[in-house]
Amino acid sequence: MKEQLSWKVGGQQGEGIESTGEIFSTTLNRLGYHLYSYRHFSSRIKGGHTNNNVRISVDEVRSVDDNIDILVAFDQQTIDVNSHELYAGGIILADSKFNPTVDESLDVVLVDIPFTEIAKEQGSQLMKNMVAIGASARLMKLPMEPFKDMIHTMFIRKGEEIVESNHNALRLGYEAMDEKFSYMNITNDFELAPSDGKERLYLIGNDAIGFGAVNAGVRFMPAYPITPASEIMEYMIKHLPKLGGTVIQTEDEIAAVTMAIGSNYAGARSFTASAGPGLSLMMESIGLSGMTETPLVIVNTMRGGPSTGLPTKQEQADLNQMIYGTHGDIPKIVLAPSDVEDAFYSTIDAFNLAEYYQVPVILLSDLQMSLGKQTSDPFDLSRVEINRGKTILEDIERDEDDQDYFERYGDSDDGISARPIPGLKGGIHHVTGVEHSPTGTPSETAENRQVMMEKRMRKLENFVMKEPFKVTGEKESELLVISFLSVNGVAGEAIRRFDPDIVGNITHVQLKQLHPFPAEALYPYLDGAKEVLVIEQNYSAQLFNIVKMNYHMHSKMKSFTKYNGTPFKPNEIEKYIQSILKIKEVL
Amino acid sequence: MATFKDFRNNIKPNWCPGCGDFSVQAAIQKACAGNGLEPDELAVITGIGCSGRLSGYIKSYGFHATHGRSLPVAQGVKMANKDLTVIASGGDGDGFAIGMGHTVHALKRNIDITYIVMDNQIYGLTKGQTSPSSSKGFVTKSTPKGSLEQPIQPIKTALASGATFVAQSVSSDIKELTSIIQQAISHKGFSFVNVFSPCVTYNKVNTYDWFKENLIPIADFEGYDVHDANSAMNTIMENDGLLKGIIYHNPDAPSYEEQLGEYNDEPLISREMRLERSTFDDMMAEFK
């Protein structure tokens, strides 16, 4: 029995590959397995190779595997493109329809099953995915009932007949595979060990962010569609109306971000979500939020850049722009959730921090975290807190003859000023992106400028979150690995492959607070490490350089990057760590 | 009851003496008082340019945003708190050059705010370059041989974009302008008011006298039906957009917000931010 298996389904975009993966993996989640998936897709709607890689495990998994065990192919291209990824003795379940062949030099088993033919006999070739799921279930020796229940839930709206024919397709796929076992030489074990049966969530990062935003009190979202951020907007479109809220699809990203600023200024939490090109358009508005001290949350689901770049591929190359972008100096917070579960809580943090400090907060994600579906422990409502800081929501009592403007930008020790929302009695003030006096009146005097700049920047001077990073391991280490977002999971898996009794401690820091950089908190780990390795997905080693800016021992720091658009695999990182540790042995 | 004086503050505008914007400011203050508003019930959202300074000169809540972005900010404010009266304002460069995309979309979206453009057909604050509404042949610093482009006729663009309230006036006619702004604020939906507001420093062509000579009051057209978009468009086309008065009004079109159902029950700012346990559980169950 296997504690974990990797199953990949591939075919032409638009022929149900995604839903095949979806039905299969959702059922496995309900069975209590841990899952981590990766979708390979292109910037087109129909046609082009697409595949969905689902890793199934009895323990937590936060990365794809190095190789795959099972490949389900709906066309020859799927075999040609993916068969080299199979482990020795791996299996291909292919539709007989296209007379599948495989490179004979590969140590793999090709099993052809008439997916399409069986589906047609049941009434529609659309059901070929059910046949494939049935065959896969038999291969892994999984019970049929949960799959049947899943089909029932999905199709009962279309009538009992549709449910029944899908059940039949599933069963026939199962039986076809069963028959293959009777005469084929399938040596590898594909039987999945039993799960712990616990109830977990199975979701993409974008949904965790959307649900987090709703829990943070967001009832209005202006947004402009873009890959890979649109699912956040879609989540809000689905859920806000019943909470009395709404989404406006704006004319562009500038409108989206400035509308969110307007809503936050007026006292209703709002945000927008986009990716690289959209964030580039928002740069001026981020400065407006910073200068006017209007809370703002922007989600940036990073994809391959620059320009249109690689819209459907993985990269983490917007870090510099998120930290430094906009002209002039403003206080700003940049957060990176450590995984999908943390994306929920970090989203709520982002709104609280934005409102508490009255600053723009960039909540980062990357394509693999945003779209890679994975299991997570259920979210905990008791951990949801809403902190509105110095926002004033009630009328302010003033003497009748006191007609002065409210000191919206009055200086204070922590630099944060009271913020009455428009509409309140006694709170009238002015807000402007021009340098301004405490009441918001434009002022260009040197004295005022100095006071106001220092007031704004003071807000985040010593800012450090409760948990600026997650740590696995000790302060003293042979090697300290630093990563963020979806690289956390794969780096963690690579690290766990080393035996500390042989190589010594490898400590892993998953950075959550990227800006302001939590240098003080990180020093003990940097000091305690013999080597420091920063792993990230961009060409210019952006995070590595930020760590270097904040730490003097450059000689012990190394960078490992990948920028070809695909996520790291654990063995790539494993090999690099090996090379570092070996070099040390030689010395 | 607030009077127009209650909408004044003690800040001296930095506009040139004789600038048309002074009268637009006064008309807005009078219109707000005339509509029975209190200063704290009003939010004035402006863009960048001479006219963009307006938000600081009216006693009300004010937000002076970035160049061309007064409209999305104003729409965001209104969506957050539907009980506020929201006026967006700026110049012709703000609304018809850098912000034109927002203008067209705000017109077609029809959120219940009022947009007042102070149109002087020139870039004043940057010291005299051509603007989107400058006439063809207009000589400026940036068009020394005269503008080669057709001017935008704001009311034509507004009507073509699906506007539900279109008006135009000139800053020197404070009485008419006040009445138009009062009606614009009362209109349930997006109201567009283009005000020719002469730049006495850089525009020596489109002067107060020029507008007096060239603008035709809409009242002069016998039997003109303000609810008829076709005749409105024809009248605009036949007169090069040089009209004053309320050009088009559709009081029956529902605003964007009115079509949103539960959104209308109470302003978003008054709603409970925390989810009920049952709602939280139902939403989380979708991920299982």
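Here are some notes on the aromatic pairs and the chain contact in this structure.

1. First, the ground rules. This is a predicted model, where local features need pLDDT of at least 70, side-chain atom pairs count only at pLDDT 80 or more, and totals for chains, interfaces and linings use all residues. Residues are numbered from 1 along each chain as its sequence is written, chains are lettered from A and ligands numbered from 1 in the order in which they are written, and side-chain values use heavy atoms, with hydrogens and water left out.

2. On to the rings. Rings of Phe, Tyr and Trp (its six-membered ring) pair if their centres lie within 6.5 Å; planes under 30 degrees apart are stacked, over 60 edge-to-face, and the rest tilted. That rule gives 29 aromatic pairs over all chains. Take A:F271 and A:F351: their centres are 5.4 Å apart and their planes at 75°, so they are edge-to-face. A:F271 sits in strand β10 and A:F351 in helix α12 of chain A, so the pair ties together parts 80 residues apart in sequence. (Helices, H or I of at least four residues, and strands, E of at least two, are DSSP runs numbered from the N terminus.)

3. Are these two buried or exposed? A:F271 is buried, at 0% relative accessible area, and A:F351 is buried too, at 3%. Buried means under 20%, exposed over 50%, and partly exposed in between (1.4 Å probe, protein chains only).

4. Helix α12 of chain A also holds A:Y357. A:Y357 forms an edge-to-face pair with A:F463, 5.3 Å centre to centre and 80° between the planes. A:F463 is in the loop between α14 and β18 of chain A, 106 residues apart from A:Y357. A:Y357 is buried at 16%, and A:F463 is buried at 8%.

5. One ring cluster draws on both chains: A:F211, A:Y235, A:F344, A:Y345, A:F379, B:F280 and B:F287 are linked by ring pairs.

6. Now the interface. Chain B gives 52 residues to the contact and chain A 73, where contact means heavy atoms within 4.5 Å. The two chains bury about 5,200 Å² between them, 64% of it on carbon and sulfur atoms; that is the accessible area (1.4 Å probe) lost on being put together, summed over both. In chain B, B:Y61, B:M273 and B:F287 lose the most area to chain A, together 17% of what that side buries.

7. Finally, charges. Four salt bridges cross the interface of chain B and chain A, each a side-chain nitrogen of Lys or Arg within 4 Å of a carboxyl oxygen of Asp or Glu. A:E199 and B:K288 meet in a salt bridge at 3.1 Å, N to O.
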